Amino acid sequence: MKKILRFFILLISLAVISCGPKKNMIYMDKVDYNQEIKQAQYNGSLIQVGDELNIQITGYDELAIKPFNINTISNTNVKEASDATSLQSYIVNKQGEITMPVLGNIPVTGKTIDEVKVDLEERLKKYLVEPIVIIKPINLKIVFLGKFGAAGMKVHDNEKLNILQAIALGGGTSEDADLKNIRLIRNVNGVDETYVLDVTDYAITTSPYYYLQNNDILYAVPDKNAQIAANKNAYWMKGMAGFGFLITIYTLFFR
């Protein structure tokens, strides 16, 4: 009886030891408040193939701008909006272009919204006096994998989405997520590149990856304790299964 009691005491002691306090649970915990807080420069989200852009052209002469806002050509990359005031949205084709009435094919991939706006306004000056172009991306999305509260693809309308806002969009991270190892997967010129972000460090606000791009993927990796626990659980389940199998064999053939 004493041996059994000692055994249970040992098990309880091991459980208490293994349940130590979890580190790195606080976002941007590592910060020197005596230093100046710096902010990453936002250069705009780069347009990619498959993006959908709502484009509205305005100017002083309503009659003159009308042909540029009406789908006068048959084109598969133009979507008529349900609201007439929204005009039409253009899907970036595989060639990285949008096709607009009168102007024709316009290359847009790799450019920011502001750059495309300036480009279109310069092209329109051949036809219009002081044209104004308004562009809004309408299919912005982020994919969340791993230890997020709401994993999956999330659509949003925030063109200037930073990493912390994105984490909130994904339902936050679970307690066993490694906040020093948030992985950002981004397609750059057709190649997927992976970056490791430490969101416990306030310096994340100066990172070139602080602001996200459309179609970015965020993967919250489980911390080492969670991985060890998962492996232990797997071994434990295998051990229990093996033990059950031996009991079954003993019951069937030796009793």
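This is a predicted model: local features need pLDDT of at least 70, side-chain atom pairs count only at pLDDT 80 or more; totals for chains, interfaces and linings use all residues.
Reader: What makes Asp-216 and Arg-186 a salt bridge?

Author: Their side chains meet at 2.7 Å, N to O. The cut-off is within 4 Å, so the pair counts as a salt bridge.

Reader: And which parts of the chain does that pair tie together?

Author: Asp-216 lies in the loop between β10 and β11, while Arg-186 is in strand β9, so the pair ties together parts 30 residues apart in sequence. Both Asp-216 and Arg-186 are buried, too.

Reader: Why is Glu-122 called partly exposed?

Author: Its relative accessible area is 46%. Buried means under 20% and exposed means over 50%, so Glu-122 falls in between. Lys-125, its salt-bridge partner, has 48%, so Lys-125 is partly exposed as well.

Reader: How do you know that Asp-176 forms a salt bridge with Lys-147?

Author: Their closest N and O atoms are 3.3 Å apart. That is within 4 Å, so the pair passes. The two sit in distant parts of the chain: Asp-176 in the loop between α4 and β9, Lys-147 in the loop between β7 and β8.

Reader: What makes Arg-186 part of the story of the largest pocket?

Author: Arg-186 is among the lining residues that lie nearest the pocket's centre, along with Leu-46, Asn-187, Val-188 and Gln-213. The lining has 24 residues, and strand β9 gives the largest share, 3 residues.

Notes
Residues are numbered from 1 along each chain as its sequence is written. Side-chain values use heavy atoms; hydrogens and water are left out. On a 1 Å grid over the protein atoms alone, a cavity is a set of points where a 1.4 Å probe fits but cannot get out, and a pocket is an open set with protein on both sides within 12 Å along at least five of seven lines; lining residues have an atom within 4 Å of a point. Helices (H or I, at least four residues) and strands (E, at least two) are DSSP runs, numbered from the N terminus. Buried means under 20% relative accessible area, exposed over 50%, partly exposed in between (1.4 Å probe, protein chains only).
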